[in-house]
Amino acid sequence: MSSPTGPASGLPVRMPRPRQPGRHRRPEPLAAPEGAPALVLAVPGTPAAATRSLAEEVVSIARSELPGLDARIGYLDGDDSEFPTLQAVLTHAADERTARYEQAKAAGMDVKEPDGPVAVVVPLLAGPDSALLRRIRQAVMDSRIAADLTDVLGPHPLLAEALHVRLSEAGLARADRARLFAVTTAADGIILGAVGGEEAVQAAGITGMLLAARLAVPVMAAALDQDGSIASIADQLRSSGSQQLALAPYLIGPEIDPAVIEEAAREAGCSAAEPLGPYPAIGKLVLAKYTTALGIAPQQAQGAPVR
């Protein structure tokens, strides 16, 4: 125990750090507003333990960036038992909000009846996929719950950073071009594999330009879900002088069977990096979509150089 003059044990007292005065002081940490809508992560693909682990890690990153955030996971192809469907998660969020209001009112508290959206739904998609987005939108409508649906995560400089990291982890790119580390397996041409048709390929191409600037090698986007698209882009890169290619999946992971990526790499005659997965930037982009929908000013998400 401690006394007015100090701790009884003689241990030092941890005093609060005074706020730094002036314009260079650190901003107060952002927290979720009281009664804010839930963030519901809409996860595509066939649910599995690996998918759940990925989604939970993304949600954990978002929560760490915004204390007090009510973040949930809804699966587009869930079973409403082990993997709750998006529709069920939205309904549950609405029921909980109503129950909190009724409990507060019964306790005699002066509370305002909740209004506005119950949730903000963020698709776990790096790029546009009209078929998946149509299904997500339909699930929101079928729930009959007031919810806002955001855009997909990309294109964004943070996704280019994440692709760079995944390529370097596979030994297919230098981790830091400024230090000029020699990587004998580094690719001199990158195929960016997207899912979602031509619109997704065009969107991936924007992030591809950012990745090309980071790596100083040509980057071209192709469709993983279109026969012959990856092989055709591989031929174009080789005809323009690239000899050692690499496939960088421009997707989070659950959107497509991993076997499709392996087959595309075989067709292109090159190695492939891992999908983006729960890279920290994914969680930050998910949160940015949520805070933008609410009009909250989050910390600016910027791509940082890989070191």
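Of the 307 residues in the protein chain, 45% count as buried (under 20% relative accessible area; exposed is over 50%, partly exposed in between; 1.4 Å probe, protein chains only). The model is predicted: local features need pLDDT of at least 70, side-chain atom pairs count only at pLDDT 80 or more, and totals for chains, interfaces and linings use all residues. Residues are numbered from 1 along each chain as its sequence is written, and side-chain values use heavy atoms, leaving out hydrogens and water.

**Whole chain**

Show the cartoon. The protein chain has 8 helices and 10 strands. These are DSSP runs numbered from the N terminus: helices are H or I, at least four residues, and strands are E, at least two.

Select β4 (71-75) and β6 (147-149). The open sheet has 4 strands in the order β4-β3-β5-β6, with parallel pairing. Two strands pair if DSSP finds at least two bridges between them. Strands of a sheet pair through backbone hydrogen bonds, either parallel or antiparallel.

Now select residues 38-43 and 119-123. These are β3 and β5, paired in the parallel sense over 5 bridges. Which residue is the bridge partner of V40 in β5? It is V121.

**Helices on the sheet**

Select 86-106. This is helix α2, which packs on the sheet and touches β3, β4, β5 and β6. Contact means heavy atoms within 4.5 Å. The direction of α2 makes about 145° with that of β4. Axes are lines fitted to C-alpha atoms, for helices over the stretch in contact, and angles run from 0 to 180 degrees between N-to-C directions.

Next, select 130-143. Helix α3 also packs on the sheet, touching β3, β5 and β6. Its direction makes about 165° with that of β5.

**The cores**

Select L124, L167, I190, L192, L211 and I282. They have the most contacts inside the largest nonpolar core, which has 56 residues. Such a core is a set of buried Ala, Val, Leu, Ile, Met, Phe, Trp, Tyr and Cys residues joined through side-chain atoms within 4.5 Å. Helix α4 (residues 157-169) gives the most to this core, with 7 residues. Another core, of 20 residues, lies apart from the largest one; A38, V89, A119 and V152 are among its members.

**One ring pair**

Finish at Y75 and F83. A search of the whole structure finds 1 aromatic pair. The ring centres of Y75 and F83 are 5.2 Å apart and the planes are at 85°, so the pair is edge-to-face. Rings of Phe, Tyr and Trp (its six-membered ring) pair if their centres lie within 6.5 Å; planes under 30 degrees apart are stacked, over 60 edge-to-face, the rest tilted. Y75 is buried at 3% relative accessibility, and F83 is buried at 7%.
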